[in-house]
Amino acid sequence: MNTTPSSERIHIAFFGNRNAGKSSIMNRVIGQDLSIVSEEKGTTTDPVRKSMELLPLGPVVMVDTPGLDDEGELGEKRVGKARRELTRSDVAVIVLDGTEKISENIFSLFDTIRKRNIPFVVCINKMDIADDIQSISSQLIEYGIPINAIVMASAADSRGIEDLKKAIIRAVGTVEERPIIRDMLIPGDYVILVIPIDKAAPKGRLILPQQQTMRDILDGKGKIVVINENEVASTLAELGVRTRMIITDSQVFGTVARQVPENIPLTSFSILMARYKGNLENAVKGVAKLDKLKGGERILIAEGCTHHRQCGDIGSVKIPKWIREHTGKDFIYEFSSGTGFPEDLSPYSLVIHCGGCMLTEKEMKYRYALSEEEGTAITNYGILIAHVHGILRRSLSLFPEILAYLQR
C-alpha cells in the first residue's frame with residue numbers, strides 16, 4: 001500500500017463551505033486528526049492529502065479542501081484551489097452543515113460534478129444538533145440527488161461515519177482494471193524493453209512508466225528482456241522470432257527503429273501511457289496540427305511531474321530541436337509542470353503533454369477535455385516524437401483502431 005503511486009490511487013476529495021465540518025468528517029473517516037479543526041472559518045487554506053487504505057477499495061488518497069464560500073482576494077484563490085481538486089477526484093464528498101440552508105455555490109458545485117460525471121456522496125453533518133435535517137435531505141432529492149447518495153452523520157459523535165464509508169465505496173463502484181499492454185500478450189511472449197540511462201531518473205531507479213509496464217507484462221505472464229538502445233540488433237538476433245514486440249523510451253525512438261525489422265511491432269512507453277490514461281486517439285488527432293503551423297505560434301510543453309531540468313532534457317531541449325528539424329520553423333515555447341497546467345489554453349496553437357504517469361486518469365482526461373473546449377490541439381510526447389521521426393504509423397501498429405484514423 002505504501003509504495004502505490006498517488007496517480008494509481010483512488011482520489012476521494014471532501015468539499016463544502018467553511019465550518020460545514022469537512023475536516024472533522026474526513027478525520028473521522030480516516031481515523032486520524034490529520035486536518036486542523038477550528039471554530040474559526042477558513043482554517044483549511046490549502047488542500048490536505050492523506051494516503052491510506054480503505055477496504056475493499058485498497059490504496060486511496062483522501063483530500064480535504066478549502067471552503068467554497070471563502071471571501072476576499074485570497075479567499076477566491078483558495079476556492080479556485082478547492083474546485084481544481086475536482087479535476088483529479090474519482091469521488092467527491094460534499095459536506096453540508098445540517099444547521100444551515102443549502103447555499104447557491106453548493107448547487108453550482110453539484111452542477112459541475114454532474115457535468116464532469118464525477119461520482120459523489122452528500123454528507124449532511126451535525127445531525128447531533130440539527131433540528132430539521134430531513135428538510136435538507138428533501139431539498140436535495142427535489143434537486144435530483146439520489147437518496148442513496150445522501151448520508152446523515154455527526155463528526156462530533158461519529159454517528160453515520162460507517163454509513164458514509166459504505167456510500168463512498170458504492171460511489172467508487174467496481175474499479176475497472178486498465179491494462180497497459182498485457183491484453184495484447186500470450187503467456188510466454190517475449191517483450192523487449194529498451195531503456196536508455198535517463199539522467200532525470202535517480203541512480204538505481206527506473207522511471208514510473210517503465211516500472212508499471214514491467215509489472216503489467218508480468219501480470220500477463222510475458223517474459224521481459226531489458227536492454228539499452230545499443231543492444232537492440234544483437235538481442236533480436238539472439239531471440240529471433242520469439243520477440244512479440246519492442247517497447248522503447250521515446251527519446252531513442254529513431255535509433256531503435258533503425259534496428260528493428262518491420263515485422264516486429266514497435267511502440268513507446270509514452271504511447272502506452274496515453275492508451276492507459278484513455279487519450280491515445282485524441283493525441284493522434286492532435287499531432288496533425290504540427291504540420292499545419294506556419295511558424296511563430298506558441299506551443300505549450302507540459303509535464304505532470306516536477307524535476308530539475310538537466311542538459312539534454314527531453315521536454316525543454318530535445319522536443320523543440322526535433323520540431324525544428326522536422327518543420328524547418330521556429331516557435332515560441334512555454335513550459336508547465338506538476339499541477340501548474342494553465343486553465344486558459346487559448347494563447348497556444350498546440351499542447352505537447354508528457355505521458356502523465358504522475359497524474360491521475362481523471363486529471364489527464366480533464367486536461368485533454370480542456371484543450372478540446374478551447375479548440376487547442378493536444379498531443380503526447382511519444383506520438384509527437386514518432387511523428388517527427390516518420391514512424392508514427394509503425395508505432396501504432398499494435399492499435400489498429402487508432403491506426404485506422406490516420407488512414408482516413
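**Exercise 1. State how helices α6 and α9 are oriented to each other, and which residues meet.**

Step 1. In this predicted model, the axes of α6 (residues 208–219) and α9 (residues 269–276) come within 10 Å and cross at roughly 70°. Axes are lines fitted to C-alpha atoms, for helices over the stretch in contact, and angles run from 0 to 180 degrees between N-to-C directions. Helices (H or I, at least four residues) and strands (E, at least two) are DSSP runs, numbered from the N terminus.

Step 2. α6 and α9 are therefore roughly perpendicular (65 to 115 degrees) to each other.

Step 3. P209, Q210, Q212 and T213 of α6 meet F269, L272 and M273 of α9, contact meaning heavy atoms within 4.5 Å.

Residues are numbered from 1 along each chain as its sequence is written. Local features need pLDDT of at least 70, side-chain atom pairs count only at pLDDT 80 or more, totals for chains, interfaces and linings use all residues, and side-chain values use heavy atoms, without hydrogens and water.

**Exercise 2. Work out the strand order of the open sheet and which strands stand at its edges.**

Step 1. The order of the four strands is β8-β7-β9-β10, with parallel pairing; two strands pair if DSSP finds at least two bridges between them.

Step 2. β8 (223–227) and β10 (266–268) each have a single partner strand, so they stand at the edges.

Step 3. From one strand to the next, the twist averages 25°.

**Exercise 3. Find the bridge partner of I192 in β9, and what packs on the sheet.**

Step 1. β7 (residues 190–194) and β9 (residues 243–248) pair over five bridges; I192 is partnered by I246.

Step 2. Helix α7 (residues 232–239) packs on the sheet and touches β7, β8 and β9.

Technical notes: Parallel < 35°, antiparallel > 145°, perpendicular 65-115°, else oblique.
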